[in-house]
Amino acid sequence: MSIVLLQKYLPDNSLIFLKKWFADYTIHIKVTRGRNSKLGDYRKMPDKTHQITINSTLQPYLFFFVLTHELAHLIAFDQSKKRISAHGAEWKQTFRQMLLESIEIYPEDLKPIIRRFSKAPKSNFMSSPDLVRYFHIENYDDETSYIEDLNENDRFTYRKETYIIEEKRKKNYLCLNTNNGKKYIFKPLARVEKLS
C-alpha cells in the first residue's frame, strides 16, 4: 500500500514523517479489520522486504502511534546490524526519538501523555493506562468495567468465564476462575463485566 493511500487513516501533517521514515525501505503495509489480540505488527520477510499490519478501526492519532511503534522495529533492526531484542534498548531508543520528533502531530491534551510514555516506551499499548484511557471511546451501552475499578472478592465475567478477584499484586490482579479452579493474572485495564 502506498503511503498516500494511508492518508485516510492518518492525522493531518503526518505524511512528512512517514516519507522520511519509509525513505530507505520497501515496506508492505496491510490495513486489516480490527483484531482483539493486537493493534499492529511488524515482520521482516524472506525476500528482505518488510511487512507492517495495522488495524483499520483505530482512530487517526492511534493509527499513527501504532505505525510509529512498528516502524521503530524496522529501523532499530536495520540500524543495529546485530541481533537485538524486539522490544529491547535499541527499539526503545528508536521509538522514543520517533515519538518526540513527531510530537507536533498530536493534539495538545495528548502531547504530555506521549512525552511521559516516551521516557520509557512499553512494548504493549495496554501497559500505558494513560494512553488506554485517552483512546478508549466510551460506549454507554457497554456494561463492562476496568478490573482496577473492582474490589477483592468481586465476581466478574471475562470471555464467558466467571472469576473472583483474590488479590492485587503490584499493578496486576490475581483472579480465580470458578469454572476450572485455576488462577490467572489480569492487567488493571482488562475490560470485564462485574457480577452483582
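Predicted model: local features only at pLDDT ≥ 70, side-chain atom pairs only at ≥ 80, totals over all residues.
Which residues have the most contacts inside the largest nonpolar core?

Residues are numbered from 1 along each chain as its sequence is written, and side-chain values use heavy atoms, without hydrogens and water.

**View 1. The largest nonpolar core.** Leu18, Phe65, Leu67, Leu71, Tyr106 and Leu131 have the most contacts inside this core of 45 residues. A nonpolar core is a set of buried (under 20% relative accessible area, 1.4 Å probe, protein chains only) Ala, Val, Leu, Ile, Met, Phe, Trp, Tyr and Cys residues joined through side-chain atoms within 4.5 Å. Helix H3 gives the largest share, eleven residues.

**View 2. The open sheet.** Three strands (DSSP E runs of at least two residues) lie in the order E1-E3-E2 with mixed pairing, where pairing requires at least two DSSP bridges. E1 (27-32) and E2 (40-44) are the edge strands.

**View 3. Helix H3.** H3 (residues 60-80; helices are DSSP H or I runs of at least four residues) touches E1, E2 and E3. Because 16 of its 21 residues are buried, H3 is largely enclosed by the rest of the structure. Just after H3, lysine 81 adopts a positive phi of about 65°.

Methods
Contact = heavy atoms within 4.5 Å. Axes fitted to C-alpha atoms, helices over the stretch in contact; angles between N-to-C directions. Buried < 20%, exposed > 50% of the residue type's maximum accessible area, 1.4 Å probe, protein only.
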